[in-house]
Amino acid sequence: MEGELKHEDEPFRLLEFYSGIGGMRFSLQQSGIRAKVVEAFDINNIANEVYKHNFGHSPYQGNIQSLTTAQLDKFRANAWLLSPPCQPYTRQGLQKDAEDARASSFMKILELIPLTLFPPTMLFVENVVGFESSITHKRMMDVLKKIGFITQEFILSPLQFCVPYSRPRYFCLAKKATLSFPRPEFNGKLVTNIGPLISGEDDNLLKDKDCLNGTSQCKMENVNEVELDTNSSCRPIKDFLQPDILRSNRFGCTELNYSTTSLEILDTKEATDESEDHHAKRGCCRIDEKEVLVCSRDFTGQADCDYVGVIAENRSNIPFESKDHCGDSEWDQFRVPPGLIERWGDAMDIVFPDSKRCCCFTKSYGRYVKGTGSLLATSKVTLNNPFINAYNWRQASKDKVSLLQELDLRYFTPHEIANLHSFPEDFSFPSHVSPRQRYALLGNSLSVAVVAPMLKYLFTE
């Protein structure tokens, strides 16, 4: 069946699948598209509470796989926006792909499209890098071809939009063949630069045009790196920090004199996610009341899990035990515990307020040490500090642990990570949601800076 026709004076009607805490809807708002989310779907009750807190609407809570064509037809939606679970495709996961149970709901949704009386005329799909080479991706493309859709695919990172945040993601934009993209020459292609998004006359969505004009042809040479001079193109991390930290003498940030590079100390491989299945089975990397089990990976990517022993005799050495209320007395919860520095400082990615790049924050930030996101150095340092580059760090005669401790390391707060995701200033969590829950929810969300212009591009002909 053909999709429901939209009259020119009517807003687009959208369904939002795997809605999470609302990153897609914030992107829709930022895009300026005249659209209405007629329903959102997510199985996570905490995510749904956050969504309602910010939008006043409670998403449908249930297994998306159980939806029927009759239920979907009643919405008569013009477009479906989907951000399905990424765990089946992550580089450090078990990579079960289509055999992972978490992939089944997405395929079920796609297979329902040709069976509906009022199918969508547009689709938007977001997932991790690696999805584009998966079996699930092939099945998705087969379904889209069968139902007469044209596609344009992208791999883009917030770094290409002047945000100092390395979070490359895969995107598929699809339309009925009777519609068209603003740049049809990219049909059927995988694009790794933002040129198509800024080449038109209507580029008001992209705020920092001076920055973007310098990065419009920057390509991602592979799935791990963006060919981009982030020092000159991106805003500094300090622009995304909570102001009360920068005013606090407790963190030495009243005068800024920091390195402008991210230090990936002793481990230059950036992980985009952790294998939840692996950790659940082996019990590693988890911070508990009396012990820490930490998983590291050798240069071949193989997991090496070691029992480390007692790190904390009381809860005071464990991060995030109180809510994210940031008066002076509460900032201590975001300090990195000394025991973690002593044992796992080599695996930490350290950035400074003037740095122009930080690593991807995953849902395991604060629970696992390695590959889950950067830590912020908050003490004053000088240009001859051994931390300025990894080589000097390895050769430093001073005790490494002492050097790390002098940096006064802390975790980024949930609010700051939301800022790096380019969420609006008025975004907030319900007070009962714990910091750890906030980190987990943000780790599963998306970058508004990237998705908003992509939605604008999708809905433009």
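What does the accessible surface of the protein chain come to, and what share of that surface belongs to carbon and sulfur atoms? The model is predicted, and in it the accessible surface of the protein chain comes to about 19600 Å², with 47% belonging to carbon and sulfur atoms. Other values for the chain are tabulated here.

| Property of the protein chain | Value |
|---|---|
| Helices | 16 helices |
| Strands | 13 strands |
| Buried residues | 58% of the 461 residues |
| Contacts between residues 24 or more positions apart | 73% of the contacts with a separation of 6 or more |

**A helix pair**

Helix α1 covers residues 23-31 and helix α2 covers residues 45-55. Their axes come within 10 Å and cross at roughly 25°. Angles under 35 degrees count as roughly parallel, and α1 and α2 are therefore roughly parallel to each other. On the α1 side the contact is made by R25, F26 and Q29, and on the α2 side by Y51, N54 and F55. Sorted by class, this contact has three nonpolar, two polar and one charged residues.

**Residue M122**

M122 lies in strand β4, which spans residues 122-128. Is M122 buried or exposed? Its relative accessible area is 4%, so M122 is buried. Leaving aside residues up to four places away in sequence, M122 touches F12, N78, A79, W80, F149, A174, K175, L179, L458 and F459. K176 is 54 residues from M122 in sequence, yet the two C-alpha atoms are 6.5 Å apart in space.

Conventions:
Residues numbered from 1 in each chain as written. Predicted model: local features only at pLDDT ≥ 70, side-chain atom pairs only at ≥ 80, totals over all residues. Heavy atoms only, no water. Axes fitted to C-alpha atoms, helices over the stretch in contact; angles between N-to-C directions. Helix = DSSP H or I, 4+ residues; strand = E, 2+ residues; numbered from the N terminus. Parallel < 35°, antiparallel > 145°, perpendicular 65-115°, else oblique. Contact = heavy atoms within 4.5 Å. Nonpolar A, V, L, I, M, F, W, Y, C, P; charged D, E, K, R; others polar. Buried < 20%, exposed > 50% of the residue type's maximum accessible area, 1.4 Å probe, protein only. Areas by Shrake-Rupley, 256 points an atom, 1.4 Å probe, with all protein chains shown as cover.
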